[in-house]
Amino acid sequence: MNNTQKINDEIKEKFRMINILGQYGEITAFSFNVNTIVKDKIEIYLNGIDWDNISLDAANHLRNEVFIKDKGVFRDWNKYSTDARNFIKDHMITNIHLDLSQEVISYIRWDLIHLVLYFQFKLLLNINIIDFYEKEFLIYRDGHFPCGWIGNYPNGTFSVV
């Protein structure tokens with residue numbers, strides 16, 4: 001019996017194309033507002049309770065969308081999560097070639113796992129679009145790191161390096 005639900009290969013390929021932190025510390029224009037911060041302020045933003053709470057709010061929003069759409073798929077959340085976690089560890093985190101603390105790497109891992117899950121459930125269940133994850137993906141895709149939030153979830157602005 002297979003205890004793992006697999007993430008779609010097209011989603012994995014979409015994430016493999018990301019140049020993780022390739023534009024880290026560079027200024028980029030996004031199609032939405034962001035608060036650009038300097039690299040040496042990352043720890044300050046990450047250590048604030050606001051970013052943890054925003055990340056948890058977004059994750060809970062995703063879980064709720066999945067639960068509403070299909071309780072059977074929701075029950076398999078951890079099986080999908082296992083595949084996403086292994087994929088991120090084996091194919092994404094190993095591609096980060098910057099001198100970052102383990103804490104920063106942990107935040108990146110959390111973000112990427114939830115982004116993979118978001119796109120999997122969006123494809124599988126046609127869940128409602130969650131603006132937070134759509135924008136967060138664009139930030140990572142463009143080689144940056146979202147590390148803070150200004151405002152209340154879901155309305156607010158990412159802080160980006």
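Trainee: Which residue stands opposite threonine 36 in strand 3?

Mentor: Strands of a sheet pair through backbone hydrogen bonds, either parallel or antiparallel. In this structure threonine 36 faces valine 160 of strand 3, while valine 34 stands opposite phenylalanine 158 in strand 3. Strand 1 and strand 3 (residues 157-160) run parallel and are joined by three bridges, where two strands pair if DSSP finds at least two bridges between them. Keep in mind that this is a predicted model, in which local features need pLDDT of at least 70 and side-chain atom pairs count only at pLDDT 80 or more, whereas totals for chains, interfaces and linings use all residues. Residues are numbered from 1 along each chain as its sequence is written, and side-chain values use heavy atoms, with hydrogens and water left out.

Trainee: How many bridges join strand 2 to strand 3?

Mentor: Strand 2 and strand 3 are joined by four bridges and run antiparallel, and tryptophan 149 stands opposite phenylalanine 158 in strand 3. Their hairpin has six residues between the strands, and glycine 151 in this hairpin takes a positive phi near 115°.

Trainee: What order do the three strands of the open sheet have?

Mentor: Strands (E, at least two residues) and helices (H or I, at least four) are DSSP runs, numbered from the N terminus. The three strands of this open sheet have the order 1-3-2, with mixed pairing. Strand 1 (34-36) and strand 2 (146-150) are the edge strands, each pairing on one side only. From one strand to the next the twist averages 30°. Helix 3 (residues 49-69) packs on the sheet and touches strand 2 and strand 3, its direction making about 95° with that of strand 2. Helix 7 also packs on the sheet, touching strand 2 and strand 3, and its direction makes about 20° with that of strand 3. Such angles run from 0 to 180 degrees between N-to-C directions, with axes fitted as lines to C-alpha atoms, for helices over the stretch in contact.

Trainee: At what angle do helix 3 and helix 6 pack?

Mentor: Helix 3 and helix 6 pack at about 20°, with their axes 11 Å apart. Helix 3 is therefore roughly parallel to helix 6, since angles under 35 degrees count as roughly parallel, over 145 as roughly antiparallel, 65 to 115 as roughly perpendicular and the rest as oblique. Contact (heavy atoms within 4.5 Å) involves, among others, Trp51, Leu56 and Val66 in helix 3, and Tyr107, Trp110 and Phe121 in helix 6.

Trainee: At roughly what angle do the axes of helix 6 and helix 7 cross?

Mentor: The axes of helix 6 (residues 102-125) and helix 7 (residues 131-141) come within 10 Å and cross at roughly 125°. That angle makes helix 6 oblique to helix 7. Their contact includes Ile108, Leu115 and Phe119 of helix 6, and Tyr133, Phe137 and Tyr140 of helix 7.

Trainee: Which residues of helix 7 are buried?

Mentor: Buried stands for under 20% relative accessible area, exposed for over 50%, and partly exposed for what lies in between (1.4 Å probe, protein chains only). In helix 7 the buried residues are Phe132, Tyr133, Glu134, Glu136, Phe137, Ile139 and Tyr140, and the buried residues of this helix pack against helix 1 (9-16), helix 3, helix 6, strand 2 and strand 3. Glycine 143, which follows helix 7, has a positive phi near 85°.

Trainee: Is serine 81 buried or exposed?

Mentor: Serine 81 lies in helix 5 (residues 77-91) and is buried, with a relative accessible area of 9%. Leaving aside neighbours within four places in sequence, serine 81 is in contact with Ile113 and Leu117.
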